[in-house]
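Hi,

Here is the structure I promised to pass on. Have a look at it first, and then read my notes below.

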Amino acid sequence: MYRKIALAIAFSPRMEALILEVQNLVNLFQSELILIHVGVKTDELETKLDDILTRLGVDKTKTKVLWKEKGKPSKKIVEACKEENVDLLVSGALKEEGFLKYYLGSVGRKIIRKAPCSVLTLIDPKKETTKFSKVVINGTQLEITPDVIRHGVEFSKAVSSKNVSILNEIKLYGLLMGTASEDTEGEVSETRKKLVQDEIAYVEENLKGLDLGGLKIHIKVTGGRWATELARFCEKIEADLLIVGDDRSLTFLDRLFPHDLEDLLSTLPCNLLIYKK
Amino acid sequence: METLNHKEVINLLLQLAAMLIMARIFAEIARKLKQPAVVGEIIAGIIMGPTILGYLAPDFQMGLFHSHEMTNIALDGVVQISVVLLLFIAGIEVELHVVWSQGKNALKIALTSMALPIIAGFVVAYAFPEFLGVNINDRAVASTFFGLAISITALAVVARVLMDLNLFKTKTGLLIIASAMVVDVVGWIIFSVILSLSENGSEGLGVWPTIGLTLLFTVFMLTLGKGLINRVLPWTNKQLAWPGGLLSLSLAICFLAASFTEFIGIHAIFGAFIIGVAIGDSEHATEKAKEILHQFINNIFAPIFFVSIGLKVNFIEAFDPGVVGVVVIVGFLTKFFGAYLGGIMAGVKRNKAMVVGFGMSTRGSMDIILGLIALENGMVSESLFIGIVILALISSIMAGPLMGWAEKLKI
């Protein structure tokens, strides 16, 4: 599924936890590990990294370290991902001082916007590694959704998730039901029922033919903005991972007039896997 | 404080009851014929007004609608509130994240579908002001107003048609919805600028301060104002009665914004629209709350407004087939081809681009309000206003069948 998994390292206090998290994924997916460091390469740093990798038991034969000396970190990391044809880039979120709230720094956001591959953001990387027991997949009707569902199912199987929910949202529910109020009571409730059934059918259609490998999948339907609803749902069930798709690169304008994905990046309700084709 | 006397109160209540009953009867007939309710409501007004009832039973019509001056002032207040609320709900319908998700394509369709009718409408009205009934003293502004009125898409009407045709959730359906939302926003911003340029519009602060304040208000409401709403709404939802708290406070904010824009010299409805956009786009304005707002405004205040149109104008006396013909032909063709062209530019297949064209041609809401404001400000004649209303009726009636036909075309 992921031939190459990359991690950007900065010798921060959480670096070891992040390396162990990625190492776990590398083992699960039988991948090659790419470590990217943006900054001057010194003998001291090289030795330090080598020691850490040895101590953490990282298989160095399947690990490549890239030293990117000059340039903006986000640009260099994206560049390295392109050069190496990375399939998954892992990054860590920042924690708000004193609160159990996580956010993405400007570098993190830029990487997500520009990365040519899928990006997994871990809000709280742990040395004992994160368990992705409860996974939520975005099932809202978008062009990329069939791929997101397929990818989400594959990922959930690989990490042995116990509970997978696919959340689908009825677009513009208020407008639809508002215009439906021209009908009789029976017709209105029929419309309401149909809107829900259509969304369930859409997810079922996309699950057809996929090998679920014993996964327990729940389909949930909601109304409202999908990013907000996904964030609420993840918080409610205390999800470990949210999987969404992105098929376009985001720009500065997306921050000024945030769209759904950008909303999620500022909320960050749990670990977030952004699937890109 | 002066109050209505016993007879005036009875008269006002009878007026409202008659308007709502007739609107309901004709909306039901329209529904049976698979037409939007607005078509029935406009026809109900024409029947109750000077056109039919005033002709068949002039004394009765006079007694009901013209016997007490104070009642008419009170009714006008109710109609004004109805228009403000209609614009508020039109704003709530605009969801910027839906527009954003459709990206440049929605923008292309919206802008081409507006540009063509605005230019054509302006040229025709400017070239033949006397024939069309455009105010010759305020020719440029009035001509632009006419162009703008025929360039609007009725979002609620097209949403209903798309739902009936099972096209709402398709790529084409969402593209039409997003484009119609852009048309609404751009249309009302142009409207506010034109109104401040008109002779009657900028009574208060002068043209440039009015335009400046309007743009400042719009940008503020869609950025900082929206942020503020995003902070207040979660508190409202948690701490106050639901949906009572949300409904009364959002309407209060709507009236505040409306009074502000009225104060700066543009119409109250602009403020209501922009505040509607800001509230509707908030992630904390739940879909259930929007549904309630829709139901209560669309079924009580919208009928009062649409019926009131027929009470104001005699559709037979002021009917001019030449003017109506020009308005309908120019309005329909330019809007269709503008949107069709936008669809092609957005890379939509030809038959889908035709669906977009017919979808964007639906009217029957904001265009009529624009026409009415132009009529009340002396910018257009009754004949031209009738043309705008008939264009709305024809395009709303034809939208469903034409979109269904285009959808099946194999081109």
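Let's start where the two chains meet: 20 residues of chain A are in contact with 25 residues of chain B. Two residues count as being in contact if their C-beta atoms, placed from the backbone, lie within 7 Å. Keep in mind that this is a predicted model, where local features need pLDDT of at least 70, side-chain atom pairs count only at pLDDT 80 or more, and totals for chains, interfaces and linings use all residues. Residues are numbered from 1 along each chain as its sequence is written, while chains are lettered from A and ligands numbered from 1 in the order in which they are written.

On the side of chain A that touches chain B, helix H6 (173-180) and helix H10 (260-267) of chain A each supply at least two residues. H6(A) gives the most, with seven residues. (Helices, H or I with at least four residues, and strands, E with at least two, are DSSP runs numbered from the N terminus.) By class, that side of chain A has six nonpolar, nine polar and five charged residues. Here Ala, Val, Leu, Ile, Met, Phe, Trp, Tyr, Cys and Pro count as nonpolar, Asp, Glu, Lys and Arg as charged, and the others, Gly among them, as polar.

Now for the inside of chain A. It splits into domain 1 (1-126) and domain 2 (131-277), with bounds from an automatic or database domain assignment. Their contact takes 19 residues from domain 1 of chain A and 15 residues from domain 2 of chain A. On the domain 1 side, S7(A) has the largest share, five residues.

Cheers
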